Structure formats: C-alpha cells, structure tokens
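Below is a short briefing on one protein chain. Look through the sequence and the 3D view first, then read the points.

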Amino acid sequence: MKRNNTFFISCGVWVFLAVTTLHAENWPQFRGPTRQGISTEVGLPVEWNAETGENVAWKQMVPGKGWSSPVVVNGRIYLTTAVADSDGDNPDHSLRVLCLDAKTGEEIWNVEAFQRRAADSERIHPKNSHASPTPIVDAGQVFVHFGTHGTACLNLDGTFVWKNTDLVYEPQHGSGGSPALVDDVLVISCDGRDKQYIACLDRKDGEIRWKVNRETFDADKKFAFHTPLAIDVNGRKQVVSTGANTVSGFDLQTGEAIWTVRHDGYSVVPRPVFAHGLVFICTSFQRSSLLAIRPDGQSDVTKTHVAWKSRDTVSHSPSPIIVGENLYMVSDRGVASCRDARSGDLHWKKRVNGSYSASPIFADGHLYFQSEQGDGVVIKPGETFEVVARNSIGEPTLASYAVSEGALFIRSENRLFRIQRDDLK
C-alpha cells in the first residue's frame, strides 16, 4: 500500500506543506516486527462491524481449526490449521500450512506439514487447538511449529525445505508457544508435563544446535506454553524464556542460563516485553504476578534484580505491551490497566468487558484489545482511561491481531477478516 497526503495550512504570512508517503509494513511473526505488538501502520480503522460490513474489506472461511495468529508479508498471509478427518471425539488431524492473498483473501496454496493421530496421548484444552503456534516468515522462508508433532521450514511456494520431529515431550492441554527466530536459529520452549527444555534449531536444516533442561525448582505443575523473546544486554544476545516457577535469560550461542528469577506460576502463556532496561513477564496460573526484571545479573537474581512486581489483575494469557513510558495489560477476565513501566505505579484500572486471550497491539495512536467473544476494544493510550470504540465481528476470537497494508487481520473460529477503512479499500 502506498498513498500520498498533502496538507496546506495557511496563517496570514506562512504556508506549511507536509508530504507523507506510507508503505506497508510486514507483520512476520507473533506480535509483529518488533515481537512486542507495535506497528508503524497508519490510517487504520477504529470502528468496524462484520454484520453491516462497515470497514470490513473481506472475510474468508478457513478450513479446520487453529488458533495460530496470522502473519502478513509482502501481500501474502500465512497461517496454520488442523483439519479433522471425522466428527468423532478424538479424530486424526492433518496439520496444514495455508497461504492467502492479503488483498482478496483467496487461497494461494494449502499443504500438509504433519499428521496428528488419534492414538497420540495429547488432549487439548477447550480453548486450545492442534495448530496454535504462530508461523514466522523471514528471508523467503516460512517456519511453522506444531508442538511435539513437528517443526518445519517451507519456501514461499509451499514446498518443504526441512522437517524436524525430534522435540518430543508430553504436552499438557496441547501446544501453544510459538518459536522465536533469532539470527540463524529457531529457539523453542518445550514445557510438557513430563519434561521441560529449551531447544535451538539451525534454520538452514532444522538440526538441533543445543538443547538444555529447564530448572523448575520442584514445581507441582511444570507445563507452560511460552514464546521466548530475544534481547541484547551489554552486547550479549540472550533469549528470555519463562516456565513453571522460573524465568531465565539463556545465552543464544550455548544455551547457558545467564540469570534466573524464581516465581510461583505455571502454565505460562504471555510473551515477555523489554523496554527501559527491564524485562516484563507474567507468571500465569494460579494467581499471576507481573515482574519487572533487570536482565544484567548472573545466576539466581531473584532477590537482587526484580525492580518491582504486582499481583493486581495480572493477565494469565494476553501479553503486556509497552507504549512510551507506560505498560498496558488486559486480564483474562477483562480488566485493563495502565502502569508506569519503570516504577510499577498504577495509573488506572478499568473493566472493558468480555474475556481475553489475544495479546493487544499498538498502532496508529491506539491500543487494540480483542476479546474471546469477538469484540475489538480500541483505547487511547495515556494516564487517563479513554475508550475510543467498541466493535464486533460476531464470532469467537482467541488469536492475536496482525497489522499490514493499512488493515487489521483478525482470525475467528471459522474465518479470517481484513478490517480496513472503506475509503481506503
């Protein structure tokens, strides 16, 4: 997308001319190009209605079931799904990768990556699917992950480069966490009920570079669904990964745990965010804590490097987001909050209605929250709570937004929507 806007402002003796050229930004992975839910796209709608078609460019049926979020790169959408071979309680599933045209929603290709057999011991949570991890697109390749069923790399025409089925563990409630692509490796958190480890795969052939066990400090429940985040600290690249009872920064090259902070959570879902020299993590269940951690320590830094923490309406599933000086979050039960990121001081806490699993985004001056009931709540960021709009697509949603080409892409239970201003279609 590209458009030019020219504004003339005259005030007696002067004329101001501004020319703005806008280019589509790709959204290549879970939480976008920054990995933290921030988009530079402008001209996005704040209101839409799937029933009337207001600001809905198209809606496309998606085969099967999957709660992976869409990614959008160079005019194409990539997502995964699991197609059952029957209507029984525990059918076989074809685990598939789809490519759609972002402009029209039409399918370009659809290929099977792996199969999930009914004989497998895996049972998913009602809010999960057999295709929940989000793809990554980078340098002409697509990387997909289906938990213990396999990880694969494809070319952009849908042909396979490699497949890996070596990351074996027993999932609790199915798989959920997405991989993190860092330089020339994929880092994947594998936290099952039987074993918990972090694996690093070579992007060119899928071979394991390193694999390290996670220390869970005798946690009663050891599973998690975490997406790692790579950060740079004092010139050293580390990968932050949260599991049951612990979060660590791992050395990208060796897998060594550089620092560790203990906590009392499990079934961790939210992806960390990194800003102002602090890593922010949520510990999920039972009662979630929000921790702000200085990631420049060594070994166990639980008592020395936690800058602040809070248990006040912290999310179990949605990731937090940092905009400017403030951290925003929505709890699973629909309480949104705004805190000073450096101090943790609460600016506001308000109920926005609904239940939430999707992670929020910030784009074009607004925060977008998407409820499980299909309602999009648009909020103006700041230290005063202000709802700009409430919108509905009329279908359940658990996946997070993608943003590209001046549009929002929202995946519902059965469809994919392109939300775009009617005057810019």
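**The largest pocket**

The lining of the largest pocket divides into ten nonpolar, 17 polar and three charged residues. Here Ala, Val, Leu, Ile, Met, Phe, Trp, Tyr, Cys and Pro count as nonpolar, Asp, Glu, Lys and Arg as charged, and the others, Gly among them, as polar. This is a predicted model, in which local features need pLDDT of at least 70, side-chain atom pairs count only at pLDDT 80 or more, and totals for chains, interfaces and linings use all residues. Residues are numbered from 1 along each chain as its sequence is written, and side-chain values use heavy atoms, with hydrogens and water left out.

- Of the 30 residues that line this pocket, Lys-127, Phe-225, Val-269, Ser-317 and Ser-357 lie nearest its centre.
- A pocket is an open set of points on a 1 Å grid over the protein atoms alone, where a 1.4 Å probe fits, with protein on both sides within 12 Å along at least five of seven lines; lining residues have an atom within 4 Å of a point.

**Nonpolar cores**

- The largest nonpolar core has 29 residues, and Trp-48, Ile-77, Tyr-368, Leu-408 and Phe-409 have the most contacts inside it.
- Such a core is a set of buried (under 20% relative accessible area, 1.4 Å probe, protein chains only) Ala, Val, Leu, Ile, Met, Phe, Trp, Tyr and Cys residues joined through side-chain atoms within 4.5 Å.
- Strand 34 gives the most to this core, with four residues; strands are DSSP runs of E, at least two residues long, numbered from the N terminus.
- A second, separate core of 18 residues includes Val-71, Cys-99, Ala-131 and Val-144.
- Phe-409 touches (heavy atoms within 4.5 Å) residues including Trp-58, Ile-77 and Phe-417.

Technical notes. Buried means under 20% relative accessible area, exposed over 50%, partly exposed in between (1.4 Å probe, protein chains only). Lists of a residue's contacts leave out its neighbours within four places in sequence.
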